[in-house]
Amino acid sequence: MKTTDVRVLRAITAMAAGQSVVVRGDSDGDGYLVFAADTATPRLLAFMVRHTSGYVCAALSESECERLNLPPMCHRNTALCVSVDVRGTGTGISAADRARTIAALASGGAAAADFHRPGHVVPLRAGDEGVLGRQGAAEAAVDLASLAGRPRAAALCEIVSRRHPTLMARGVELTEFAVEYGLPIVSIDELVAYRRRTEPQAVRLTETVLPTWAGDSRVIGFRGTDGGEHLAMIVGSADAGVPVPLHVHVECLTGDVFGSTACRCGGELNTALARMSAQGSGVVIYLRPVGPPRACGLFTRREAVGDPMPETVAWILRDLGLYALKLSDDMPGFGLVMFGAIREHGIATQALAAAG
C-alpha cells in the first residue's frame, strides 16, 4: 500500500473514532486541526481553542447551508457564513457551548430556527464535490468526515505557531505538533490523490457502433466527475489479457475537425487510427476537458496539457475491462505520467513505438 494512502487511512480512522486530525496544504502551507462535527465534545473544543487561532469554523455542504439558512457573511467571501449559536446554550463562547453548536450543525434534524445569529461558530461552505472540485481545507475536512462514515460536516481551525505565536504553524512545525500529540497528519494533495484512485472518475453513459474511414468501431461515451465528456473508441478486437494498443488523445478543435497543420494533433490521431485498423486492434481514449476547447493556432495554444487526466483514463480502461496495454510513444507529452497512473490501477503496460 502506498505510504500516502496509509496517512489518509489513518486520518479516516481517527475521524471515525471521534479524534482530531491535522490537515495541511502544500509543504509550506498552513495547517488545520479538524474533527468530525457530530463527534464534537468540550474536550475536543478546548484542545482546538488552545492550539489554534480560536476562530472555530464548521464546514458544511452547500445544500446544508441553504437548508439551515446560513447566508454568506459578506459578498467578498461567500464561503464564510453568518456565525451562529445553537439555542439553549449560555454565552455561546465556552468550549461546551461551541461543541453543542457544532454538533447541532451536523445534525440532520436541526432546523434554521434552532440557531441564534450572530454567534460564536462560523459555518463554512464546502463545495459539494469536495477536494475534487476545490482543494480547500473546508472540502478536505468534510471529505474526511464522509469517508469516515460521518455526516459531511467538520470543525476546523488554523493551528498557531508555538515558535512564532503571532504567526500560523507551517511545514515541519505541523509535523512536530502532530507527532507530539499523537495525531494523524494528511495533506490535501494526498486526499485528492486517494479519492482519485479509489473513486470512479468516469461513468459510462452510452454506446454505439460508429462507421469511420478506419472501419466500424465501438464507441462508448463517458462523463467524468468534473463534467467533462469523453469517448473510448475500440477498433477491432480488444480481448482481456491480450496487450491492446492504446492512444490517448486530447481534443483539438482545429487539428481534429479542420485538419490544421499548425499542430500535430489531427495527424497523430489519424496515424493511430490507421495503425490500429491495419493491426485489427486498438483503443483510442478521446478526452474532452471541461472549459474552452483546445484549438491550436486559434486560441492561446496550450503547449502541453497540464493535467492529462490519467486517473480518468485509468477508470475508463477499468470500465472497459482492459488491463494489458501497449502505449504509443506519440501521445503528446504525458506518456510517463500515464504509465504511472495506469499501473497504480493494476493495468500492465508496455511501450509501443509510433509508426512513421
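Tutor: Let's start with how surface is worked out: accessible areas come from the Shrake-Rupley method with a 1.4 Å probe. This is a predicted model, and its protein exposes about 16300 Å² by that method.

Student: What share of that area do carbon and sulfur atoms supply?

Tutor: They supply 54% of it. As for the rest of the layout, the protein has 11 helices and 14 strands, and 49% of its 356 residues count as buried.

Student: Let's take one residue, then. Why is Thr101 called buried?

Tutor: Buried means under 20% relative accessible area. Thr101 has a relative accessible area of 0%, so it falls under that cut-off and counts as buried.

Student: Where is Thr101 found, and which residues does it touch?

Tutor: Thr101 is found in helix H4, residues 95-106. Leaving aside residues up to four places away in sequence, Thr101 touches Val84, Asp85, Val86, Phe115 and Val121.

Student: And Asn69? What makes it partly exposed?

Tutor: Exposed means over 50%, buried means under 20%, and partly exposed is what lies in between. Asn69 has 46% relative accessibility, so it belongs in that middle class. You'll find Asn69 in the loop between helix H3 (62-67) and strand S4 (84-86).

Student: What makes helix H5 "mostly covered"?

Tutor: Nine of the 11 residues of H5 are buried. Among them are Ala137, Ala138, Glu139 and Asp143. Just after H5 comes Gly149, with a positive phi of about 80 degrees.

Student: Now the strands. Why are S8 and S9 called paired?

Tutor: Two strands pair if DSSP finds at least two bridges between them. Strand S8 (residues 202-212) and strand S9 (residues 215-224) are joined by 10 bridges, so they meet that requirement. These two strands run antiparallel.

Student: Which residue in S9 is the bridge partner of Val203? And of Thr206?

Tutor: Val203 is partnered by Arg223, and Thr206 by Gly221. The link from S8 to S9 is a hairpin through two residues.

Student: How do you know that S9 pairs with S10 too?

Tutor: The rule of at least two bridges applies again. Seven bridges join S9 to strand S10 (residues 229-236), so these strands count as paired, and they run antiparallel. In S10, Met233 is the bridge partner of Val219. The hairpin of S9 and S10 has four residues between the strands, and Gly227 in that hairpin takes a positive phi near 95 degrees.

Student: What about open spaces? How many residues line the largest pocket, and which lie nearest its centre?

Tutor: The lining has 23 residues, with Ala79, Leu80, Leu124, Arg134 and Ala138 nearest the centre. The volume of this largest pocket is about 420 Å³. Strand S5 (115-126), helix H5 (137-147) and strand S6 (153-158) each supply at least two residues of its lining. By class, that lining has 11 nonpolar, seven polar and five charged residues.

Student: What makes a space a cavity rather than a pocket?

Tutor: In a cavity a 1.4 Å probe fits but cannot get out, whereas a pocket is an open set. The structure holds one cavity of 30 Å³ or more, and the largest cavity has about 30 Å³ of space.

Student: Which residues line the largest cavity?

Tutor: They are Ile159, Val160, Ser161, Arg162, Ala169, Glu173 and Phe177. Four of the lining residues are nonpolar, one is polar and two are charged.

Note on methods. Residues are numbered from 1 along each chain as its sequence is written. This is a predicted model: local features need pLDDT of at least 70, side-chain atom pairs count only at pLDDT 80 or more; totals for chains, interfaces and linings use all residues. Side-chain values use heavy atoms; hydrogens and water are left out. Buried means under 20% relative accessible area, exposed over 50%, partly exposed in between (1.4 Å probe, protein chains only). On a 1 Å grid over the protein atoms alone, a cavity is a set of points where a 1.4 Å probe fits but cannot get out, and a pocket is an open set with protein on both sides within 12 Å along at least five of seven lines; lining residues have an atom within 4 Å of a point. Grid points are joined across faces, edges and corners, and a volume is the space filled by probe spheres set on the points. Ala, Val, Leu, Ile, Met, Phe, Trp, Tyr, Cys and Pro count as nonpolar, Asp, Glu, Lys and Arg as charged, and the others, Gly among them, as polar. Contact means heavy atoms within 4.5 Å.
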